[in-house]
Amino acid sequence: MIAPDRRLAGASMLVIVALLGVVSGRPGASAVAAALLLGATIAGPRIDIGVGLQRLLTLGAAGLGIALGATGTATMSLLSPGLDRVWLIGALALLFAAAARLVVRAPERGPVVTTVLGVLALTAAGETAVGPIYKLVVAAHLALGLLALRLADPGRPPLARLPRRTLIVGTALVIAAAALSASATRALFPMSDWTTAHITLLGMPDATSGFSDRLWLGSLDGMQQSEEVVMRIEGPRPDYLRGAIYDRYELGRWRSSPRGSAEDFTPTSAPPTGPAAVAVTYAGGSRDRYFLPLRARAIVAEGASVVVDPFGTLRVPSGAATAIRFELGDPPAITVAEPSAEDLRIPDELRATVVRLAAEWTRGVDDPSAKIEAIARHFQDNFSYSLEFHQRRREALIDFLLDEHRGHCEYFASAMTLFARAVGVPARVVAGYRVTERSPFGGYWIVREKNAHAWTEVFLPGRGFVTVDATPSGAPQNAMHGLGVLGALRDLVAARLAKADAATGGNLGKLAIGATALGLGVVMLARRFLRRARKTKPSLRLDAAPRPHPSLARLFDALARAGLERAPSEPIERFARRLDAAAHPVPATLLRRYAAQRYGGVGELEPLLGELDACAARLRSPSR
Amino acid sequence: MRINFAKLNHVLIPGTKPARDRLRTGLFGPLIRPFGAFYDGLTDEGRALFLISFIVGGFGIDVHGSDVHVLWSALAALLFGTLLATRFHALTPFRIEVTAPRRVTIGDAITFTVVLHNDGLVDRHALRVLGPFLPWDGRWTLPSPRVPGLAAGAHVRVEARARFLERGEHHLDPFQVAALVPLGLTLGPSVRSGGVRFLVVPKIASVVRLSTPSGRRHQPGGVALASKTGESMDLLGVRPYRAGDPVRHLHARSWARTGSPMVREYQEEYFSRIGVVIDTSAPGADRLEEMLSLAAGVVAHLSRGEALIDLLVAGDRVHDLTLGRHLGFLEQALDLLACVEASRKPVGADAVLSVLSPHLPRLSCVIVVTGAWDDGALAERIRGSGVGCTTLVVVGDGPEPRGRDVRSIRAKAITAGEALSL
């Protein structure tokens, strides 16, 4: 005769094997597993071995499961996609280990571990999109597993001996759990989506700045999805903030040609004031350069050894760029290197295509400025913004121009630069940030990693270098947007904290810890003081004594109305003797019984209270 | 240095009940209490499913790529549902009483007798008795008792058994009893017993023979040999009857042999009075345990014989007592030995003599139990006071010390329970 609990445990495992047969595409392995489990269930607990041997047996069985899962090839699974081999191996190993425990007379740590192995096997079996069958299998496995645990527990009476109330509660619990489970399963999808959209991005490590001496097409991809705040700007919107300038292009890579050495930057003596003054604070991280608009004057930069390179980029080699102040307007404080032959160079592989297309797009236009405008408009009107780009050829820009007609800012900036050069206008690619996000509370601008952008600067006679952005307006960098209320508040707090940290010389964290410790100390002292103050001295006042039970009070009240009042300090027993003397034996007996129960634990309280109430009622209305 | 990992594992848990109670009612108590209540509210099965739900949740976090989240939802729903139902399974009115022996030998199992009283009007089903959280040295040797049913007004007696590895007073937290919520994953609100207090005493070494050194035979203030003077004194001989002798002392055979009345003559004798000195500055905790075990064996052996243990000195603390011949019980000495703590600094001969000397005049001899041989310095100074002294040295695998009235005992022999003839 098989022990009923083992029978149910075996059945709960067989349900999983059946599921594996459906999802794994390995009917042979599933059949072997089913046969083994069935054999173990029928054999029942007949092996009596110690803990060490039990572990060996379990490990051996798990090894057998691994071997079975690892050998053989999968046929077509009934479900698509089927279960990966790794998960099949895991599930079989766990099931075989559970089967080994079924034949052991006293398995280590009891049937709970067997159930746990089953649940883990079910977990491995569910590592694919199974569909409604999985829900059925989960329900069946858990029901059988819980029943097996119940039967294995000697401290639980058989179902037949349980009172009806317990059965009803149990059934209600099962129904409630099923409803809860179904609701949770439904709610998990939107929760997962929300979490992926918010928490995962916030939890990303600091995006690495794509600004360096080289720019690979696609290097800004990672930054495009990061919400990391780079800087906060107070004052008028500077729009395009330049960080790196490139003039030489080779096979998908821009770099800066040597144009002389960097020079020490001499800041303005007085910081800028007035409506055009802009103050930029970096939000943290190591920055090796300041981002400035093309036309900035009266620049005051913080940090030691600030240098300016020939392209007009302000660099801090020590990586300690923290804050900068400047004013928007002409003449710019930093001069940009005059155009050279490098600013007109087009790589040989691209020349034919770029020149042909540029001529086509600027047909009928003579003015260089108008040509630039025509090319930029063509890109904006006929190309689209996309973070996805499929490169097929060696030269990605050919794909962009001829096939894809979509890409992100780096492709547009690169193409625009080369097209400008094709029509005889010196041009460079600039990488930096666009300022598009304004905080409704703080009245300042926020620049995030995702605002990283690339554009073109063309040299027009009489106007000098001019910013040209060929990226369509659908690009996130080009779209003006504000923050949500919560986001704005969060950023305002972060900004204030950053300011306070700067004001305390970077010691805000230590100060906060100190203040918290001090506050806790004050709270603890206050708590102790209040506790001591609340402690009252022991009192012998009668009104502080515990009140009698309501039933007893009712009886006393009824007796008082009948002229038999109990003195406040009179013991119940003495009062009962007085009642005896006054020919009231029934209340006297009840009071003696109450005293015996209250002070001696003799008798039952509940029925006695009922009798006290009944006696009180009789005394109030003697006719009853 | 040997690390006690079991003790290290409990380093954050106070060792005594008052300290644990202080923690519960202290500043962090309210913070910890919900977690403790949650943990206590789950059965072993519930805890296993709770823990495994984290693993399942981890594997099922990609809800779009797999169906494991269905299993997680089912586990979470089962646990949540049964947790909500716990408050409807309170046991009232119900009592739990726990009794335990006052002392247990170190390493032996102690049996707690748990009596459950169902004082209510409703039959109760599926009750689980939960033993308290044991200190580092304790371990349950039986699974916690389970009671399938208890009728209204009835009571049931079950047993819980545990083993403890450290001497001293143990004050356990209350036992609890709670009703199982249907599905068997959680328990209803529990009813608690009082705290349980007992002593873990050292093992009594098997001392089968102990020769005490010669010293004073009779000392002032000695205790009569017989426990009831005048009724069971030792027979000294017979003598002619003198007026006033009790008639019951007449010796019929001698009277018949001599022809004149003869009476039995009795003489009161005195026990030898012995002091036991334990050197608590033993090299290592194990050695101290072996020494205390030997001291317990010595006291047990002497208290069965014609001697009185009059003094017990542990380190520099003197316990004045009188054991043996119905004047006291071995348990008194065991209780004292249970609470002996190791001295951090070596206790010198001067310190021992300074506390011993006021008591030496009334002792016949002294037995010194030590783990570190001092070349007989202490023994010689005791002998100088006219009191005999035997030194019992517990040694490991090293050489055995030699000297006057010195006996060395191998530590292994004590722990193995070998019969010791000293």
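1. Six residue pairs are in polar contact between chain A and chain B, both residues of each pair being at pLDDT 80 or more. The model is predicted, and the points below should be read with that in mind.

2. On the side of chain A that touches chain B, four helices of chain A each supply at least two residues: H5 (110-125), H6 (132-152), H7 (164-202) and H13 (508-534). H7(A) gives the most, with 15 residues. By type, the residues on this side of chain A divide into 26 nonpolar, ten polar and eleven charged.

3. The rule finds two salt bridges across the interface of chain A and chain B. One of them pairs Arg146(B) with Asp153(A), where the closest N and O atoms are 2.8 Å apart.

4. In contact terms, 47 residues of chain A meet 47 residues of chain B. The area buried between the two chains is about 3,800 Å², and carbon and sulfur atoms give 74% of that area. Leu146(A), Arg156(A) and Leu173(A) supply 14% of the area that chain A buries against chain B, more than any other three residues.

5. A separate point concerns Thr456(A), which lies in strand E18 (residues 452-460) of chain A. Is Thr456(A) buried or exposed? Thr456(A) counts as buried because its relative accessible area is 0%, and the cut-off for buried is under 20%.

Methods. Residues numbered from 1 in each chain as written. Chains lettered and ligands numbered in written order. Predicted model: local features only at pLDDT ≥ 70, side-chain atom pairs only at ≥ 80, totals over all residues. Heavy atoms only, no water. Buried < 20%, exposed > 50% of the residue type's maximum accessible area, 1.4 Å probe, protein only. Contact = heavy atoms within 4.5 Å. Buried area = accessible area lost by both parts, 1.4 Å probe. Salt bridge = Lys/Arg side-chain N within 4 Å of Asp/Glu carboxyl O. Polar contact = N/O pair within 3.5 Å; in protein donor to acceptor, adjacent residues only side chain to side chain. Nonpolar A, V, L, I, M, F, W, Y, C, P; charged D, E, K, R; others polar.
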